[in-house]
Amino acid sequence: MNAVYAGTFDPVTSGHLDIIERASKMYDILYVTIFVNPQKTTLFSLEERIALLKEVTQSLGNVRVDFSNDLAVSYAKKMNAPILVRGLRATMDFEYELQMAFSNQYLDDSVDMVFFMTRPNHSFISSSSVKEMASHHHLVTGLVPPVVETALQKNLK
């Protein structure tokens with residue numbers, strides 16, 4: 001069985017990577033897919049995010065990095081992946097993800113969502129908070145993979 005882990009990944013964090021590693025053990029192929037969200041302004045280009053994701057997942061043989069302009073359920077259907085993987089950090093995430101799950105079920109009830117609870121040491125990490133810390137020249141060591149920390153330092157000079 002295949003699954004899709006969808007996100008903006010701007011940038012990919014240690015929390016994202018933890019979900020990717022855990023989900024990759026459960027599915028034959030895990031498509032880690034960058035979805036273009038016109039409501040979000042990104043720090044990294046699509047090409048940079050793809051390259052960073054490929055680098056941090058290169059040891060996971062069943063992970064495929066991709067991007068899409070489709071809705072996640074449409075993309076999942078196209079990739080023969082009946083599961084959308086999502087991570088949950090806190091109650092705020094749950095409210096958002098519940099609304100997203102209901103919307104996705106409305107669009108295609110053959111695609112289910114599987115939620116991974118974040119590990120406690122990743123519960124406060126978000127791409128937005130990492131970018132803000134890095135923009136004020138604070139170290140984000142441990143919050144993101146080392147290659148991402150280097151890319152953040154380079155992009156925020």
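Q: What makes a residue part of the lining of the largest pocket, how many residues line the pocket, and which lie nearest its centre?
A: The largest pocket is lined by 48 residues, and those nearest its centre are Gly7, Thr8, Lys40, Arg86 and Tyr96. A pocket is an open set of points on a 1 Å grid over the protein atoms alone, where a 1.4 Å probe fits and protein lies on both sides within 12 Å along at least five of seven lines; a lining residue has an atom within 4 Å of a point. The model is predicted: local features need pLDDT of at least 70 and side-chain atom pairs pLDDT 80 or more, while totals for chains, interfaces and linings use all residues. Residues are numbered from 1 along each chain as its sequence is written, and side-chain values use heavy atoms, without hydrogens or water.

Q: Which element gives the most to this lining?
A: Helix 4, with nine residues. Helices are DSSP runs of H or I with at least four residues, and strands are runs of E with at least two, numbered from the N terminus.

Q: How does the lining of the largest pocket divide by class?
A: There are 21 nonpolar, 19 polar and eight charged residues. Ala, Val, Leu, Ile, Met, Phe, Trp, Tyr, Cys and Pro count as nonpolar; Asp, Glu, Lys and Arg count as charged; the others, Gly among them, count as polar.

Q: How do you know whether helix 1 is enclosed or open?
A: Of its 11 residues, 10 are buried, so helix 1 is largely enclosed by the rest of the structure. Among the buried ones are His16, Asp18 and Arg22.

Q: What makes Thr13 a cap of helix 1?
A: A side-chain oxygen of Thr13 lies 3.2 Å from the backbone nitrogen of Gly15, at the N-terminal end of helix 1.

Methods. Buried < 20%, exposed > 50% of the residue type's maximum accessible area, 1.4 Å probe, protein only. Polar contact = N/O pair within 3.5 Å; in protein donor to acceptor, adjacent residues only side chain to side chain.
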